[in-house]
Amino acid sequence: MAAKVVVQDLRKRYGDIQAAQGVSFKIDDGEIFGLLGPNGSGKTTTVECIIGLREPDAGEIEVCGIDARQRPQDVKQKIGAALQTTALQDKITPREALTLFGSFYRDSAEPQQMLDRFALGPKGDAPFDTLSGGQRQRLALALAFINKPELVFLDEPTTGLDPQSRRELHSEIARMKQDGHTVLLTTHYIEEAEQLCDRIAIIDRGRIVATGTPRELMSRSTAMQSVSLATVQPLDPLWLSALPGVDGLTCDHDRATFRTVEITRTLAELLKLLDARGIEIAELQVRKATLEDVFIELTGESLRD
Amino acid sequence: MNGMLQQFRLSLRLHYRNKMALLYSYLFPLIFLIAFWVLYRHENVPLVRHMGELFTVGVLGGACFGLPTTMVSERERGVWRRYRLAPVSTATLVVSTIVARYCILVTSALLQLALALALGMPMPAHPLDLAVAFTFVSFGFVGLGLVMAMMADNVPAVQALGQCIFLPMLIIGGVAVPLNSLPIWAQHVSAFFPGRYAVEALQSCVNGNGLSTARFDLLALLMIGAAGCLAGSKLFRWDAQQRFSTRSGKAWVTVAIAAWAGVGLLAESRGRIVTRVPESQAVVRSPAARSAVPGITPKLSAAEIAAGNAAGAKAAAPPAPATAVSTPAPTAAPSRPPGTPSGAAPTPVAPATGNSAGRDKATAPTAKGPEPVPALPPTAGRTPDVPATTAPAPSPDTAPPASATGPSTWTAVTLEQLERDLVFDRLPPDSGIVTPIAPADEEPDPEVATDLEFVRENLPKWQPGKVADPVQRARNYLYVAAVPDVFQLPIERYIASVVYDRMQEDIPKDQLIQVLYWIALHPAEGDESAVDQLWALHVGNGRPDMGEARDRVALYAVKLLGRLTGHIKMQ
C-alpha cells in the first residue's frame, strides 16, 4: 500500500524547547492514523510542519508523493485540515466560508453538498458568531473537505466539545474511514485513539516512542493486569503474597489489589485459597492493560497530566 | 484569481455587515465635514477650499485605523491561520484587502462630496484628476496602514500606533491645520509626512489647476505607497504567534521610513517646503504692484473715487462680512496649490490683461451655491458686486507676470490699480480671530466700553497721530487696532471702528484711499515706533511680534479700503 505521508527525522525547535526531535512515521493510504501524546509532546508541531503552518528546522516530509518542504502550496491542494479551533470572521456565514475557501483550490466540492453532509444545512446562512462549538467544529470539518482532499489532518478535533458533539464527530471520522479517506488524527484522549484509529504513534517529548495498531501496542506491552478483590471475611496479606506472580499487593482488612503477569494461574490459585479458607467473595475485578498503561510503561508518565 | 475576487467581495460584504466599521468609515468623515461646516460657517470659509483636507482626513482614518484594525483583529483571532491551511498566497490576501479598502474609501469620499455639494459647494474643477489624485492618496495611506498592520501585534497597538501617526499628521503634517498657519519648522517637518502631499494633490483638483501642478505630490504618494506595500508584504505574518519583535525581516520597516525620508529630502531639495504667506498678502493680487515700478500713474480723480464709492459706503458704518467679492482668484490659504515658490512670496497672480473671454466668464452670474469660490477658474466665479472688478484669475503657476504698472509713490495710486491688485473676498472675516470687527449694534462690556471711550477721546491728541506724512500717520492709527488684535485683547473687536472714524476725520477720503492702498501693498515699510506710544491710549501691553502686527495693519487697511470704496457692503 502506498504511503500517503512519510515523515523522516523531523526536527523543530522554539528557542530552548525542542518540540520535535527526530520524528519519523508513515501513514498508509486509507488508514486512520492517530498521533497520541500529552499536551506539549510535539504532536501539534509535527502536524503543523506537515501541513505547512510551520517551517521545520530539519527533516523530510512527503505528502501524497510531494516534497512538502519544497512545494507546500501543491501539498495544500491535496490535503484538508481542521485545527483544534477554527476562527473565522464573526459575520461570515458557513456558505460564504465554503464558497470562499473552495475558490482557493483547483477542484472543490459544492458548498451546499458540504453543508448537507456536515449537518449544517439550517445554519448555512447564519453568521459564524451565532454557531455553537459543535457547529463550528463541523464547519471546520466541512472546510477541510471542501477541496475533496486525499488526506485529512484533524488536530485534536474533539477537544473542548460536549459529549454529544464529540460523539457526532466520532461518527463523522468513522464515516471518513468508510469513504476511504486517509486521516491523521492527533488526540490526547486514549479512548478516542483506541476507538477510531487503525494505527497509533505514541509521541512523547518530541519523539515517537511506539507505533502500531492499538491491539499490537497493548500486546507488545509487558504491563501486568490488575486484580481488585473484596471479601465478606477479613483477608490476610500473607496468604495473597504467597500466590504465584503477584506484585504490588495492597491489602486492607477485607479489600486487596494486586497486579500479575499470569492472570489465569494467579486467579486459579486465589480461588482455591479462598475456597479452602471458607472466605466468600463480595467483588472481584480483573482489568487488562490499557493504552494508558502502555503509555506509562513506555514513557514513565501519565498521559493526562 | 478567483480566490482573490472572492476574498475581495467577502471583505466588502463583511465590512458592510459590521456596524462599527460602517460608522467609522462612512459616518465619521461626514461628521467631520459637517462639524467643519458648522464651526466655520459663520466665518464664511468655503468648503471648496478645504475638501483636500476633508478627503485626506477620511482616507487617513480609514487607512491608519480601519485597515490595520480589521487586519490585526482577524490575524489575532486566528482567521488568517485558517486561510493559511489553504493554498492562498500573501499577494491574494494583500491585494484583495487593499482593493476592498480602496472601494470603501472611494465610496466614503463620494458621500463626503455629495454632502459638500448639498451644502452648496460647487463641483470640483477637475473631477477626473480628482479621481486620479484620490487613488494615489489612497495608495499612499493604504501602504502606510499595511505596515502598521504588520508592526502591531494586537488591536490596542494599532490604536497607539495609529494615534502616533494620525495626530502629528493632522496637526503639523498639513492635514487639519493649514500649512501656511504653521511655523516654518513645522512646515519642514510636514514635508516628511504624506498628509501634506495628499491635501495638496486633492485640493489642486478641487479648486486649483488639477494634476498639472500636483506631479510632485503624486510622485511622493506613489513612493510612500509603494514602499509601504512592499514592506507590508515582506513583513506579512499569518499568525498572531509570530510576534513582530521576534521576527526577522524587521528591517523592511526602514524601507517604509526611508520612503518618507526620501520624499521629505526630495521636497527640501526642490525648495518647495515653506508656503507661509502673510495673510495681508493673500489679498494682494499682483506682486509687481508692490515693487513700485515706475509706470503709468494717473492720478486718482474725484470722479473715480465717486464711482468707486457708488455703493454708498459709509466708512464709519459698521462692517459686514467681506462678501463684496471681486474676481475669483487662486486660493492662498489654507491649501495653496503646489508649485508655489518657497519663501514668503505673495500669490504670484496677475490679471491676464485683455482676456475678454475670461472677463466675460468672470462676470457671468454662474455661481450656484452660497459660498464664494475664490480659487476657481472664472467659470465658477460669483457675480461681482462692483463692475470694475473683472480681472480673471489665471493659474498661479502659469500666469504671465503682472503688468509692471505699480505706482511709484502713494500719490500716484489710481482706482484702477486698486481694483486690479486687491482681492477683498480673501480678507479674514470680521467675525474671526484675525482683524475682527464687531457689528455696529454690538454693545461691548462696560469695562471695554470705558477703555474704548478713553481711546476715542485721546486718539486726536495722540502724538503719532500728528506726524506730517499721511501714510505714516495712517500706519500709526492702524497700529492702534492691530496691536490689540495681535494680543487678542477684549477691546480688539471694537477698536477698529474707533480708529476708522478717526482716520476719516483726519485724512481726506481720496487721499485716505491712496494711503490705505499703499499700506496694503507695502506692509513692511514705515516706522513702527508708534507701537511704543500705545500706552498713552491704555492699549497693548508691550511690543508684539512686529511681523504679525504689520500684517494686521495691512489687513485693517484693506478692510477700511473696502468700506470706503464700496467693496465691502455696510449693514
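**A buried helix and its surroundings**

Mentor: In α1(A), the buried residues are A:Lys43, A:Thr44, A:Thr45, A:Thr46, A:Val47, A:Glu48, A:Cys49 and A:Ile50. Before going on, note that this is a predicted model, in which local features need pLDDT of at least 70, side-chain atom pairs count only at pLDDT 80 or more, and totals for chains, interfaces and linings use all residues. Residues are numbered from 1 along each chain as its sequence is written, while chains are lettered from A and ligands numbered from 1 in the order in which they are written.

Trainee: In what order do the 6 strands of the open sheet in chain A stand?

Mentor: Two strands pair if DSSP finds at least two bridges between them. Here the order is β6-β7-β8-β3-β9-β10 (chain A), with mixed pairing. β6 (79-82) and β10 (207-212) of chain A are at the edges with a single partner strand each, so one side of each has no neighbour in the sheet. On average, and ignoring direction, neighbouring strands of this sheet are turned by 15° against each other. Strand β9 (residues 199-204) of chain A pairs with β10(A) in the antiparallel sense over 5 bridges, and A:Ile200 stands opposite A:Gly212 in β10(A).

Trainee: Which helices pack on this sheet?

Mentor: A contact means that the C-beta atoms of two residues, placed from the backbone, lie within 7 Å. For directions, axes are lines fitted to C-alpha atoms, for helices over the stretch in contact, and angles run from 0 to 180 degrees between N-to-C directions. α1(A) packs on the sheet and touches β3 (32-36), β7 (151-155), β8 (182-187) and β9 of chain A; its direction makes about 150° with that of β8(A). Helix α6 (residues 163-178) of chain A also packs on the sheet, touching β3, β7 and β8 of chain A, and its direction makes about 150° with that of β8(A).

Trainee: What is the pairing in the open sheet of 4 strands?

Mentor: The pairing is antiparallel, in the order β12-β13-β11-β14 (chain A). Its edge strands, β12 (246-252) and β14 (281-287) of chain A, each pair on one side only. β12(A) and strand β13 (residues 255-260) of chain A are joined by 5 bridges, with A:Thr250 opposite A:Thr257 in β13(A).

Trainee: Which residues touch the most other members of the largest nonpolar core?

Mentor: A nonpolar core is a set of buried Ala, Val, Leu, Ile, Met, Phe, Trp, Tyr and Cys residues joined through C-beta atoms within 7 Å. Of the 75 residues in the largest one, they are A:Ile50, A:Ala142, A:Leu143, A:Val183 and A:Leu184. Helix α5 (residues 133-145) of chain A gives the most to this core, with 7 residues.

Trainee: How do α3 and α7 of chain B pack?

Mentor: α3(B) and helix α7 (residues 155-172) of chain B pack at about 170°, with axes 9 Å apart. Angles under 35 degrees count as roughly parallel, over 145 as roughly antiparallel, 65 to 115 as roughly perpendicular and the rest as oblique. The two helices, α3(B) and α7(B), are therefore roughly antiparallel.

Trainee: How many residues does each chain bring to the contact between chain A and chain B?

Mentor: Chain B brings 18 residues and chain A brings 20 residues. On the side of chain B that touches chain A, α1(B) gives the most, with 7 residues.

Definitions and conventions:
A residue is buried if 20 or more other C-beta atoms lie within 10 Å of its own, exposed if 12 or fewer, and partly exposed in between; C-beta atoms are placed from the backbone.
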